[in-house]
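Please consider the model shown below.

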Amino acid sequence: MIRLRARRPVPPWATIGVLALTGVLAALQGTLLLPLVSRLPEVYGVGTVAASWIITATMLAGALATPIVSRLADMLGKRRLVLVALLVLLAGSVLLAVTDEYAVALLGRTLQGVTASVLPVSMSILKDVLPPERVGSGIALVSATLGIGSAVGLPLAGLLYGTLGYSSLFWLVAGFAGLLAIGAWWLLPPGTPAEEDERFDWAGAVLLAMGLVPLLLVLSQGNAWGWGSPTTLALAVAAVVSFAVWVPWELRTRSPLIDLRLTSRRPVLLTNVASVIIALGLLTNLLLASLQLGSPAGTDAGLGLSAGRTGLAMALPAAVFVLAAPLLGLLLRRFGGRAVLLAGSLTMAVAYALRVVLDDSVAHVVLGSVLIGAGSTLAMAAMPMIIMAAVPRRHTASANGVNSLCRMIGTSASTAALAALTSATATVVAGHEVPTSTTIHVACWVLVGAGLLASVVVWFIPRDHEHRERDAGTVPAPAAGDPGILGSLPISNELPGQRRRGRGSPAAQTSSAVRYSGAIICFTGAPRVK
């Protein structure tokens with residue numbers, strides 16, 4: 001017989017490196033076309049409204065794919081879904097590189113958007129493979145990739161477009177996607193599918209799509225359509241109705257797409273609420289700095305840098321993200337996710353207040369952007385730690401997926417609000433809207449308030465939940481007196497993910513009784529002793 005040689009253990013740095021680079025690529029493709037929005041109608045020969053769908057399609061695909069891919073990763077294996085996402089990105093990038101047909105480009109951008117789902121799965125992989133003392137540093141580095149990819153994507157797009165042409169953007173992404181797919185297959189742990197007899201919740205996925213798509217369309221297109229237009233209002237109503245149907249379905253189905261009882265736990269729920277609020281200031285920081293640096297020097301707030309010099313200036317926040325990762329790991333181990341998240345939200349609030357003052361020179365704008373980036377890096381690194389400490393191991397990918405979805409919703413709302421603010425306060429120079437000091441200052445003060453509001457939300461996250469022991473194979477019981485907002489709702493006789501057994505045997509009856517009583521304790525809290 002021929003024996004296959006056992007696979008050698010992969011060093012932790014290799015796993016972290018592959019996942020970090022994958023995160024950079026996922027964030028990069030999401031922001032790569034933002035500086036070229038005004039050129040898209042010319043590239044594809046369509047109107048401005050149709051060209052905007054090249055951006056919107058990526059956002060919608062990422063929002064829809066994140067909870068679905070995260071759930072499938074928990075069910076089928078995490079490395080497998082990372083590979084699938086990278087191969088889908090490769091296919092979409094090749095389509096975009098070889099054609100200028102609008103319909104094909106729209107399909108390619110939709111496929112590219114699926115890669116946004118990689119980040120929560122990556123966090124879950126790190127939790128599985130790294131020793132406890134290394135988890136914080138690994139998650140901090142992978143979390144920082146969101147800022148790195150976004151910061152690099154904005155200047156890189158202009159540089160490549162001006163020197164090598166439009167298709168070079170997508171050949172670059174395709175090449176890196178292929179290399180990272182090989183690296184993921186070779187270096188990531190194979191993982192094992194879930195042992196439980198679980199079925200994918202297709203009905204829940206469809207209902208969620210019916211709610212998310214109208215919601216994100218309202219956020220992304222409301223400024224163009226008009227916030228009070230019939231189209232906007234109809235989509236808003238459709239989103240509300242769809243979510244009203246989706247929530248009861250998820251509560252009653254045996255294997256839900258998103259376990260709402262887990263997401264209703266106070267640490268998870270409050271972290272997700274804080275994520276939406278904090279995400280308002282993530283991409284806005286980079287967009288405001290890039291707009292101000294690149295605007296003509298003769299305008300109210302412009303500093304007159306070329307595209308190349310703007311790219312160099314915006315590379316500094318990206319470098320800070322990388323350098324801060326080891327320190328973030330130490331902070332997470334020493335103080336825990338809650339304290340670091342609180343520090344991050346407060347840092348963002350203070351930095352945005354300073355940004356109002358630091359706006360009269362290139363150095364000041366870059367310094368303000370670095371300080372805001374430091375706060376957002378603290379926040380992004382802390383959120384997965386809080387989430388994964390509050391849910392069982394077999395639900396970490398899907399729980400992180402919900403958190404990523406919350407950040408996407410916050411980011412979409414911020415770009416819509418910034419577009420509306422710019423339209424109301426900007427001046428027009430050579431046919432282009434240029435931000436004024438009013439644009440910058442109003443946006444910063446709004447985000448100061450958002451940072452303070454997020455800090456209040458984070459304050460109410462339980463302080464000790466990250467230190468309590470949990471059973472990796474079952475749903476962890478909440479703290480006494482904290483059953484979650486859905487804890488008192490009725491449940492089915494079988495917990496999600498458990499196998500059905502014969503009901504006639506005494507063993508099966510005993511097991512059913514134990515499961516049922518355990519579920520009651522788990523979802524309604526421990527009984528009080530009189």
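**From the surface inwards**

Leu367 is partly exposed, with a relative accessible area of 42%; buried means under 20% relative accessible area, exposed over 50%, and partly exposed in between (1.4 Å probe, protein chains only). This is a predicted model, in which local features need pLDDT of at least 70 and side-chain atom pairs count only at pLDDT 80 or more, whereas totals for chains, interfaces and linings use all residues. Residues are numbered from 1 along each chain as its sequence is written, and side-chain values use heavy atoms, with hydrogens and water left out.

Leu367 lies in helix H16; helices (H or I, at least four residues) and strands (E, at least two) are DSSP runs numbered from the N terminus.

A contrasting position is Ser404, which belongs to helix H17 (residues 396-425). Ser404 is buried, since its relative accessible area is 5%. When neighbours within four places in sequence are left aside, Ser404 is in contact (heavy atoms within 4.5 Å) with Thr66 and Pro120.

The chain as a whole gives the setting for these two residues. The protein chain contains 19 helices and two strands. It has 530 residues, of which 53% count as buried. Among contacts in the protein chain with a separation of 6 or more, 81% come from residues 24 or more positions apart. The protein chain exposes about 23,200 Å², and carbon and sulfur atoms supply 69% of that area; accessible areas come from the Shrake-Rupley method with a 1.4 Å probe, and for residues only the protein chains shown count as cover.
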